[in-house]
Amino acid sequence: MATQVSGFKLSAWVLAAALSACAVPGPGSAPTPTPPPASGSTPAPDAPVATTSLVGTEWVALAIHGAREVTGSKIRLRWVAADQITGTGGCNGFRARAGTNLATLQLGPMSSTGRACLSLPGSQEDLFIKALELTRKARLERDQLILMDDAGKQLVRFQRAAPSR
């Protein structure tokens, strides 16, 4: 009979410990810290992402200012360093400084080649360069990169380009 009683006491202790682990902290209690994500895992959506994770990646534009399709898909963006991007607007190449955090990303000043392309103001290339200049933040969604303005409005959506061989 003593074995059953001690077994009962042990079960009650395990149950009490399990329930206390689920308890909600009272007012004034410090929250339990969340452990950092394991290396190689995707950060939480609100976690700041450093642009160092983008170095060496290349992106192809899918949409500019909400336009569903980018024609010709020659519009590209490449992160050559944590604070520098290069690319092409379809005709002219460009280079720009980049902020080092996607949550507060700012691009520019821009320098570009001066090819005499057959594009007019308001062309796809013109809209793309203006979108880069308006960028104030960005986020990664799987294999897509979204550049946004101050209000969070999507300016450009990119697809990660396949690595070149």
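Phe94, Phe128 and Phe158 come together as one aromatic cluster. Here, rings of Phe, Tyr and Trp (its six-membered ring) pair if their centres lie within 6.5 Å; planes under 30 degrees apart are stacked, over 60 edge-to-face, and the rest tilted. Keep in mind that this is a predicted model, where local features need pLDDT of at least 70 and side-chain atom pairs count only at pLDDT 80 or more, while totals for chains, interfaces and linings use all residues. Residues are numbered from 1 along each chain as its sequence is written, and side-chain values use heavy atoms, with hydrogens and water left out.

- The rings of Phe128 and Phe158 are edge-to-face, because their centres are 6.1 Å apart and their planes sit at 75°.
- Phe128 belongs to helix H2 (residues 124-134) and Phe158 to strand S8 (residues 154-160), so to speak a link between distant parts of the chain, 30 residues apart. Helices (H or I, at least four residues) and strands (E, at least two) are DSSP runs, numbered from the N terminus.
- Phe128 and Phe158 are both buried; that means under 20% relative accessible area, with exposed over 50% and partly exposed in between (1.4 Å probe, protein chains only).
- The largest nonpolar core holds 25 residues, and Trp79, Leu147, Val156 and Phe158 have the most contacts inside it. Such a core is a set of buried Ala, Val, Leu, Ile, Met, Phe, Trp, Tyr and Cys residues joined through side-chain atoms within 4.5 Å.
- Leu147 touches residues including Leu105, Leu132, Val156 and Phe158, leaving aside those up to four places away in sequence; contact means heavy atoms within 4.5 Å.

**The sheet**

- Eight strands make an open sheet with antiparallel pairing, in the order S5-S4-S3-S2-S1-S8-S7-S6. Two strands pair if DSSP finds at least two bridges between them.
- S5 and strand S6 (137-141) are at the edges with a single partner strand each, so one side of each has no neighbour in the sheet.
- S3 (residues 84-88) and S4 pair over five antiparallel bridges, and Thr88 stands opposite Gly93 in S4.
- Four residues lie between S3 and S4 in their hairpin, and Gly90 in the turn has a positive phi of about 115°.
- S4 also pairs with strand S5 (residues 107-112), antiparallel over four bridges, with Ala98 opposite Leu107 in S5.
- H2 lies across S1, S2, S3, S4, S5, S7 and S8, and runs at about 100° to S8. Axes are lines fitted to C-alpha atoms (for helices, over the stretch in contact), with angles from 0 to 180 degrees between N-to-C directions.

**Salt bridges**

- There are five salt bridges by this rule, each a side-chain nitrogen of Lys or Arg within 4 Å of a carboxyl oxygen of Asp or Glu.
- In one of them, Lys130 meets Asp126, with the closest N and O atoms 3.3 Å apart. Lys130 is partly exposed at 42% relative accessible area, and Asp126 is partly exposed at 22%.
- Arg139 and Glu141 meet at 2.7 Å, N to O, and Glu141 also meets Arg157 at 3.4 Å.
- Glu141 is in S6 and Arg157 in S8, so this pair ties together parts 16 residues apart in sequence. Through shared partners, Arg139, Glu141 and Arg157 join into one network.
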